[in-house]
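Hi,

Here is the structure I promised to pass on.

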Amino acid sequence: MPEKQLQVTLLAHTPDPEKTCALAARTCYSAMEYDELKALVEEKDQAAFLKRIVASGHLSVLEHASFTFGVSGVSRALLAQITRHRIASFSVQSQRYVSLAEGFGYVIPPRIKDLGDDAVKEFERQMEQMQTWYGEWQEKLGKGEGSNEDARFVLPNACETHITLTMNARELLHFFSLRCCNRAQWEIRTLAREMLKLCKQVSPVIFESAGPGCVSGPCPEGAKSCGMSKDMREYYKNL
């Protein structure tokens, strides 16, 4: 199968996420009943209030808004990284139940592409060889999930997978602060940027200052900084 390209879809999100978070925040500071609070939130624009809440660091209220993404065209190497973000839910295409006998998609790293056509062809030949080995082991092990789960051991980190993932807005801000950074690995950085674009379309106030740590303050990388904080602030301002 050919090289796969990243695709990210915002499958679902909390309806009116900013109003939901604003309502949660006002609960903390008001003696009103919920019907009154709800009416207040619906009648008056909550952008300025929510900006103050986020700026103050009262981020627990953002946990009431969740976002679910469908991701394809990413590698199993990325899967190993993104599942380190434990305040999230993941459903992943199974190599145990899904047979790849007809071929597996794969991700080619940009640095290999930069080496030229010969390098890409060599990489593709290696993927084809692994596909052959996978098929040979399936045949030896017999049909069914048992053969899949053991034959998959010869599959590479480049092998494509599909992920459904859900994070709340607070965790997404944390995720973006780490994975949008220029020092993050290229594949998960690309994914994080695409997710952030989608989040900004739905909730521009909550994600107004989202991005790597240098967007909202000094670079947290210290001596390991990429030195491009000014450029990054401009980039994420216009994302």
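Below is what turned up on aromatic rings, charges over rings and cysteines.

Please keep in mind that this is a predicted model. Let me start with the rings. Searching the whole structure gives 6 aromatic pairs. One of them joins F67 and F207 in an edge-to-face arrangement, with the centres 5.6 Å from each other and 80 degrees between the planes. F67 belongs to strand β2 (residues 66–75), while F207 sits in the loop between α9 (186–202) and α10 (229–237), so this pair ties together parts that are 140 residues apart in sequence. F67 is buried, at 0% relative accessibility, and F207 is buried too, with a relative accessible area of 0%. These two rings also belong to one aromatic cluster, together with F175 and F176.

R26 lies over the face of F49, 3.8 Å from the ring centre. K140 has its charged end over the ring of W137, at 4.7 Å from the centre.

What about disulfides: how many does a search of the whole structure find? The count is 0. For C28, the closest cysteine sulfur is that of C21, and at 11 Å it is too far for a bond. C28 is partly exposed, with a relative accessible area of 49%. C214 is in no disulfide either: its nearest cysteine sulfur, in C219, is 5.8 Å away, whereas a disulfide needs the two sulfur atoms within 2.5 Å. C214 counts as buried, at 7% relative accessibility.

Happy to hear your thoughts!

Best wishes

Conventions
Residues numbered from 1 in each chain as written. Predicted model: local features only at pLDDT ≥ 70, side-chain atom pairs only at ≥ 80, totals over all residues. Heavy atoms only, no water. Phe/Tyr/Trp six-rings, centres within 6.5 Å; stacked < 30°, edge-to-face > 60°. Helix = DSSP H or I, 4+ residues; strand = E, 2+ residues; numbered from the N terminus. Buried < 20%, exposed > 50% of the residue type's maximum accessible area, 1.4 Å probe, protein only. Lys NZ or Arg CZ within 6 Å of the ring centre and 35° of its normal.
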